[in-house]
Amino acid sequence: MVNVQIDGVWHQFPKGTRLIEACEQVGSYVPRYCYHKKLSSPGNCRMCLIEMGIPKMGPDRKPVLGEDGHPEINWMPRPQICCATDVSEGLGVRTNSPLVEECRHGVMEFLLINHPLDCPICDQAGECRLQEFSVEYGRQDSRFLENKVKKPKNVELGPRVTLDDERCILCSRCIRFCKEIANDDVLGFIDRGSYSTLTAHPGRRLENNYSLNTVDICPVGALTSSDFRFKMRVWFLKETKSFCTSCATGCNTIIGSRENVIYRQTPRENDAVNSCWMCDYGRLNVDYLQSDRRLFEPLLREENVLQPVTWSHAIVSAAAQLKPFVGWQIAILASGRMTNEELWLTRQLAKSLGVTLLDIVPRTGPGDDILLSEDRNPNSNGARLLGLASENGKMAGQIREAVLSGQVKALISLGENPVRLGIGNEFLERLPVYLVMDLLSNETTGFATAVLPSLGFAEKRGSMINGKGRLQRLNRAVRGPGQARDDWEILRDLLQAISGGNGIYTIEDVFREMSGVVPELSGLTLSRIGDLGVQVMEAHRSPNPPGEPAREKVREREKEKHPQ
Ligand code: SF4
Ligand code: SF4
Ligand code: FES
C-alpha cells in the first residue's frame, strides 16, 4: 500500500492503482475522455489534468515531514494528466483547485472548436460526455471567429457502425479497443492537427464481431450503431439488467426498451463474465422476439386443423393426449435455452410420466478466444446440473432413433425444432401426439397436436448457469405478445393436470424446491443471485473474459509507448 494525499486528505491505495481511479475511489471524480479502465492510456485528450506534487526532500534525501507526520508536498508548477500515472508513495494531488478548473475550461473550449454542436439530432445526446462536461466546464459563448473544419459525415465504417467524423474528439478509444480487445487493428487517424480524421485502414472495414463496443465506448456521438441510429432518445428507454442468451458465455447486459419494444442491448460490466464487452451477434439477436413467426395463442388439433382454444382447454387436452401412453412411448426434447426453473419442472414432468427419453438438443457454432462460446446454448450447464443433458447428446440420438423406429408415440418439444435432430416432418406427421411449447412457429409446428405459446428471454424471469458455472438471473424487460405465457407456468399447469396439485404458485417456489434438492443451489433464492451472479459450479466451457490477458497486452503496449 502507498500513501497518497488527494485534495488535502491522506489515503492508502494498493501499488499499481491508476491515479485517476484512486481519485474516483475517494469521491474526487476527474473528468476524462480518452481514459478507459480496460484499455491502455495514451493520455491524449488532456481532460484529466490535475495538480500533482511529490514529497519535498531534505538535505539528507529523506522526505521532510509536516506537522501531521506526513511528507510535505512540492507542487509541480504545471498541471499533469492523472490517467497515465500510477499512485506512488507520498504523491500529492489536487483535483479541484482554481488552476485545475481553468485547465478543464480550456480543454473543453479546444474540444468544442470544431465540434458541430448538433446535439438535437445526435444519438449520443443524453449519454454524451462532451455534453455533460460542457455543463460543468464549458463556456456560454464562443470566441471562435474562424470557420469550423468540415469532416466526413454519415460514413459507413462497417456493416453495423456509422461514423460522424465532425463529432470525433480524437480520443482513440475505438482504435485501442479494436487493437487490444478485438484483435483487429482496423482503425486509425489520418491527416494532421485540426484535420485529423478517424478512418478505417485502406481496404479495411470495421466488421469484426465486436464492432459495436466501439459505439459504447465512444464518449461522444461520433460512432453510432446503424441499427439503433435515430430510433429512440436514450432518456425514454427503460433499462433492465439481464444477460445475453445467445451463447454459453452469458454476457451481462442492459436491455433498453420502451412501450414493450426492445430498442437495444448494451453490455453491463461483470469481470467474472464479460468484462465491459459483448459481441455483435448476441447484441443484435433480439429481433426474433418481434418476429412474424411469434405464436400468440394456444392451438389444438381438432378435425385435423389447428384451432385456437383457451389456455385451460389446451392444458387439459395436452395432458389427456399424453395419458394413454406409458413412459417408454414418450420422449421429451428439452432445450439448453430453457431456464433452470423450466428445466426443473420438465424433470418433474418426465418423472410423473415415467419418461427416460429426455435430453436437450446440442447447439454449437464457431467460437473465438474473446467472448463468443462454441456452445450456443446459454444453459447447458444448468441442464447438466439438473440431470437433463446427456454426455455429448447421446440421449438425443436415442430419442431420434426411437422416433424414427416408431417406438415413440408422443413427442414433447420444448423450444426446440426436432428437424435439427434429424427427425423429419414425415416422422412427426405420423406421431399420434406431438406437443409443442415454443415462442416461434417453424416448419414442424403444423404437425403439432397442441401448441403452447411461450416467452422469450427478455419477457420472463428465471436463472441460467453459464459456461463458466456462474448462476445468473434473467429479468423481464417487456411483456410477451398475445396470450403467450411464461414457460414455467405452462409446465407447472401441465404437471398439475397430469399428476395433481404441486403447491407451486410463483417462480420463487420453483427455485426454492430446486435449491432444496440440488446442493450447488442450496441457500440461494432468485433474489439472492444478485445482478452479477453467483459461482455455483466449476466449469470451463466458455472463453475467459478479456481481463487478465488483455490487461497484460495493454501494459506491454504502454511500455512500448513510454519506455521507462
Ligand atoms: S470516434 Fe469516438 S472513440 Fe473513436 S476516436 Fe473519435 S471520439 Fe474517440
Ligand atoms: S459472447 Fe455469447 S453471451 Fe456474449 S454477447 Fe456474444 S453471444 Fe451473447
Ligand atoms: S483522460 Fe487523461 S488524457 Fe484523456
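Modeller: Start with ligand 1. This is a predicted model, so every value here is computed from predicted coordinates. Ligand 1 has 14 residues around it, and the nearest are Cys-168, Cys-171, Ser-172, Cys-174 and Cys-218. By class, twelve residues of the shell are nonpolar, one is polar and one is charged.

Now ligand 2. Ligand 2 sits in the second largest cavity. Its surroundings include four cysteines: Cys-244, Cys-247, Cys-251 and Cys-279. Ser-246, Thr-249, Gly-250 and Gly-282 also surround ligand 2. Met-278, Tyr-281, Leu-371 and Leu-372 complete the list. The class count for this shell is eight nonpolar and four polar residues, with no charged residue. The shell of ligand 1, by contrast, does hold one charged residue.

One open sheet has seven strands in the order 16-15-21-20-19-17-18, and its pairing is mixed. Strand 16 (305–308) and strand 18 (357–360) are the edges. Each has a single partner strand, so one side of each lacks a neighbour in the sheet. From one strand to the next, the twist averages 15°.

Look inside that sheet. Strand 17 (residues 330–334) pairs with strand 19 (residues 410–414) in the parallel sense, over four bridges. Leu-333 has Ser-413 in strand 19 as its bridge partner. Helix 12 (residues 487–499) lies across strand 19, strand 20 (433–438) and strand 21 (450–453). Helix 12 runs at about 150° to strand 20.

There is also an open sheet of three strands, ordered 22-23-24, and its pairing is antiparallel. Here strand 22 (462–465) and strand 24 (534–535) stand at the edges. Each pairs with a single strand, so one side of each is left without a neighbour in the sheet. Strand 23 (residues 470–474) and strand 24 make two bridges in the antiparallel sense. Leu-471 stands opposite Val-534 of strand 24. Helix 8 (residues 340–353) packs on this sheet and touches strand 22 and strand 23. The direction of helix 8 makes about 90° with that of strand 22.

Definitions and conventions
Residues numbered from 1 in each chain as written. Chains lettered and ligands numbered in written order. Predicted model: local features only at pLDDT ≥ 70, side-chain atom pairs only at ≥ 80, totals over all residues. Heavy atoms only, no water. Near = heavy atom within 4 Å. 1 Å grid on protein atoms, 1.4 Å probe; cavity = no way out; pocket = protein on both sides within 12 Å on 5 of 7 lines; lining within 4 Å. Sits in = over half its atoms within 2 Å of the grid points. Nonpolar A, V, L, I, M, F, W, Y, C, P; charged D, E, K, R; others polar. Pairing = 2+ DSSP bridges. Contact = heavy atoms within 4.5 Å. Axes fitted to C-alpha atoms, helices over the stretch in contact; angles between N-to-C directions.
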